[in-house]
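The questions below ask what stands behind some of the labels used for a protein model. Each answer sets a computed value against its cut-off.

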Amino acid sequence: MSAEGGRPAGSAKSGRVTREDVARLANVSTASVSYVLNHVPNKVSESTAQRIYDAVEKLNYRPSSLGRALKRGSPRMLGIIIPDFSNTYFAAMADALEDEASGEGYSTIFLCSHGDPDKEKECIAKLVSRDVDAILASFAMKAIDLATMRRPSVNFVFLDHPEPVPGFKSVGSDFEAAAQMATEHLIAHGHRRMAMLFGGDGSQYGDARIQGWSTAHQRAGLATGPIYQTSFTRSGGYEQTLQLLDLPDDQRPTALFAGSDLEAVGALRALHERGLCVPDDMALISFDGTVDTLYAWPQITTIQQDPVMIAKLAVAAALHPDDCDDAQIAPFGFVIRQSCGCHEAGEAKAA
């Protein structure tokens, strides 16, 4: 490395790291670098590939999207990994990402991981092999796996991930503040025995929602209500709510906070089937703010994420990473409807 500007010896005066710089640091040929970054099999040994990946990470090398586009003679492309297209929140997110990418002159490739961590890794490999300019992904992988994941040779943005991940860009709503707001709203209605439906384990990115749930209880001087782990699906919310409704009357919660709209819709069906009235017998608040909450009965009070703003921040982070913070927080809203016990609808905005 030269002393001037911390650039590798021989790098361009502009300071931009090149493939030649990576090859020089790894002590390999530029052809070997190309083989590894393009995932061409059986061309270099595993130890050589590791040296190249280490050099890429040390130099923070990003291939030129213009150069790749000229080489392949095809439009610029963003790869997007979505866990569940049947979830109306992710469907809205996909639409917003496609619109934002198109406005920047990029086409999109969408892959579905079905919430499977192994499938997510396969999706990443497929997109890298397609030579996309960046990958944007909403993950089911645990936080520790995300943090230790090998950095791809393209820009990479985590969606719906409010906390920083070293070496990557991330964009999401403030899950902790949102969950705390929803829980405090239920407490303000007089509820002292509440339960949370959460579609995953607490080590995932959704852990921030669990923290917000716990903080609200602690500030009110209450024991933290139970968290029922289910899935982010209608069936998950439905089945788990049926189980908690079998609890003795003195243990049954009087309010539910669902970690997703789909869980809330499932819970609402279970409550109706048991002949319970919402919100009189049990209040309900959900998380996401999709159209499902508007057409449920009663209409569901919800934390409303902003997929359009998340898409705008995420695409900017993918295309202009040097101009963006490593972790960006999108604003959310709190839409008050009938399911929480309020008589008048309204909306409280939060940063």
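Q: What percentage of the residues of the protein chain count as buried?
A: In this predicted model, 52% of the 351 residues count as buried.

Q: What makes Phe156 and Phe158 an edge-to-face pair?
A: A search of the whole structure finds 10 aromatic pairs. In the pair Phe156 and Phe158, the ring centres are 5.4 Å apart and the planes stand at 80°. Centres within 6.5 Å make a pair, and planes over 60 degrees apart make it edge-to-face.

Q: Why is Phe156 called buried?
A: The relative accessible area of Phe156 is 4%. The cut-off is under 20%, so Phe156 counts as buried.

Q: How do you know whether Phe158 is buried or exposed?
A: Phe158 has a relative accessible area of 1%. Buried means under 20% and exposed means over 50%, so Phe158 is buried.

Q: Which residues form one aromatic cluster with Phe156 and Phe158?
A: Phe139 and Phe168 belong to that cluster along with Phe156 and Phe158.

Q: What makes the charged end of Arg209 count as sitting over the ring of Phe175?
A: The charged end of Arg209 is 4.6 Å from the centre of the Phe175 ring. The distance condition is CZ of Arg within 6 Å of the ring centre, with an angle condition of within 35 degrees of the ring normal. Arg209 is listed as sitting over the ring, so both conditions hold.

Q: Where does Arg269 lie relative to Tyr238?
A: Arg269 lies over the face of Tyr238, 4.5 Å from the ring centre.

Q: How do you know that strands E6 and E8 pair, and in which sense?
A: E6 (residues 194–198) and E8 share four bridges in the parallel sense. At least two bridges are needed, so the strands pair.

Q: What makes E8 and E9 a pair?
A: E8 and E9 (residues 283–288) have three bridges, in the parallel sense. The requirement is at least two, so E8 and E9 pair. Ala255 stands opposite Ala283 in E9. From E8 the chain crosses through helix H11 (residues 261–273) to E9, in a right-handed β-α-β crossover.

Q: Which residues of E8 point one way and which the other?
A: In E8 (residues 255–258), Ala255 and Phe257 point one way, Leu256 and Ala258 the other way, and all are buried.

Technical notes:
Residues are numbered from 1 along each chain as its sequence is written. This is a predicted model: local features need pLDDT of at least 70, side-chain atom pairs count only at pLDDT 80 or more; totals for chains, interfaces and linings use all residues. Side-chain values use heavy atoms; hydrogens and water are left out. Rings of Phe, Tyr and Trp (its six-membered ring) pair if their centres lie within 6.5 Å; planes under 30 degrees apart count as stacked, over 60 as edge-to-face and the rest as tilted. Buried means under 20% relative accessible area, exposed over 50%, partly exposed in between (1.4 Å probe, protein chains only). A crossover is right-handed if, with the strands pointing away from the viewer, the path from the first strand over the helix to the second runs clockwise.
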